[in-house]
Amino acid sequence: MLACMSRLTTPVLVHVDAPVARLTLNRPEKRNALSLELMEELIATLRQLGADPDVRVIVVDAVGPVFSAGHDLSEMIGRDVAFYQRLFDVCTELMETIHGLPQPVIAKVKGMATAAGCQLVAACDLAVASQEARFATPGVKIGLFCSTPMVPLSRAIGRKRALEMLLTGQPITAETALDWGLVNRVVPAEALEDELGAIVDAIVASSPLTVGLGKETFYAQVELDEHRAYDLTKAVMALNARADDAQEGMCAFLEKRPAIWRRR
């Protein structure tokens, strides 16, 4: 299991208190911009946590008043094409890593999340936000269209709403983000941790085998046409039903007792 990072200068603080692991973006002086170093550290840490059976939920939050302002523009001036390709390759790898983990990843957003920061929120499996949070994809205003952020954004909120954000660059409020489906919950800042805890408690009460299988299947089916989605999900459910945890869960329900999960 990963221990809590003690170096306060690291771009990502890591704290594991099983069953929850918390990754905290730690560049407040740079508005938690997603530098290449930060993204690479996030990927490596996420993969380690993904292999830890004691970790059931991963939370991504941030130090300071801004969740993330997106890519670090200061490292993007005057670079060659190879650097830009690597930067966006790593960014894509980060988002795909989140989807590939067996544990749900939850974004906890207190402030502004813009560009690739908004992309990170959209890529997380769930998101809770304070009433003060704001979300935007303002790249169009500086001549760099938010093309990679549009991938999870358009899948989270739909075409017309995503294009409004992408083409105008205007921020949306937390309440609008909730209405559009970018976040799951919006609460006062002082209630944010309690709301997060309620979601975590609901997740960890279920079989980790089942949660991981369900997350994997969700992303596998979500872009398929209906017939192929059913072909996939009925096969998964048939295998799932044979699993020890499914048999235990059904027996426990019928016998009106708590289930004992065996992760198989």
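How many salt bridges does the rule find across the interface of domain 1 and domain 2? There are two of them, and the views below, taken from a predicted model, start with the domains themselves.

**View 1. Meet domain 1 and domain 2.**

**View 2. Where domain 1 and domain 2 touch.** On the domain 1 side, twelve residues are in contact with seven residues of domain 2. Together the two domains bury about 670 Å², with 52% of that on carbon and sulfur atoms. Look for Arg56, His99 and Pro102: this trio supplies 55% of the area that domain 1 buries against domain 2, more than any other three residues.

**View 3. Charges and polar contacts.** Arg155 forms a salt bridge with Glu223, and their closest N and O atoms are 3.6 Å apart. Between domain 1 and domain 2, five residue pairs are in polar contact. As for the side of domain 1 that touches domain 2, its residues come out as seven nonpolar, two polar and three charged.

**View 4. An open sheet of four strands.** Read the strands in order and you get S4-S6-S8-S9, with mixed pairing. Strand S4 (66–68) and strand S9 (172–173) are at the edges with a single partner strand each, so one side of each has no neighbour in the sheet.

**View 5. Strand S8 beside S9.** S8, made of residues 134–136, pairs with S9 in the antiparallel sense over two bridges. Zoom in on Phe135 and you'll find Ile172 of S9 standing opposite.

Conventions:
Residues are numbered from 1 along each chain as its sequence is written. This is a predicted model: local features need pLDDT of at least 70, side-chain atom pairs count only at pLDDT 80 or more; totals for chains, interfaces and linings use all residues. Side-chain values use heavy atoms; hydrogens and water are left out. Contact means heavy atoms within 4.5 Å. Buried area is the accessible area (1.4 Å probe) that two parts lose on being put together, summed over both. A salt bridge is a side-chain nitrogen of Lys or Arg within 4 Å of a carboxyl oxygen of Asp or Glu. A polar contact is a pair of N or O atoms within 3.5 Å; within protein, one must be able to donate a hydrogen and the other to accept it, and residues adjacent in sequence count only if both atoms are side-chain atoms. Ala, Val, Leu, Ile, Met, Phe, Trp, Tyr, Cys and Pro count as nonpolar, Asp, Glu, Lys and Arg as charged, and the others, Gly among them, as polar. Two strands pair if DSSP finds at least two bridges between them.
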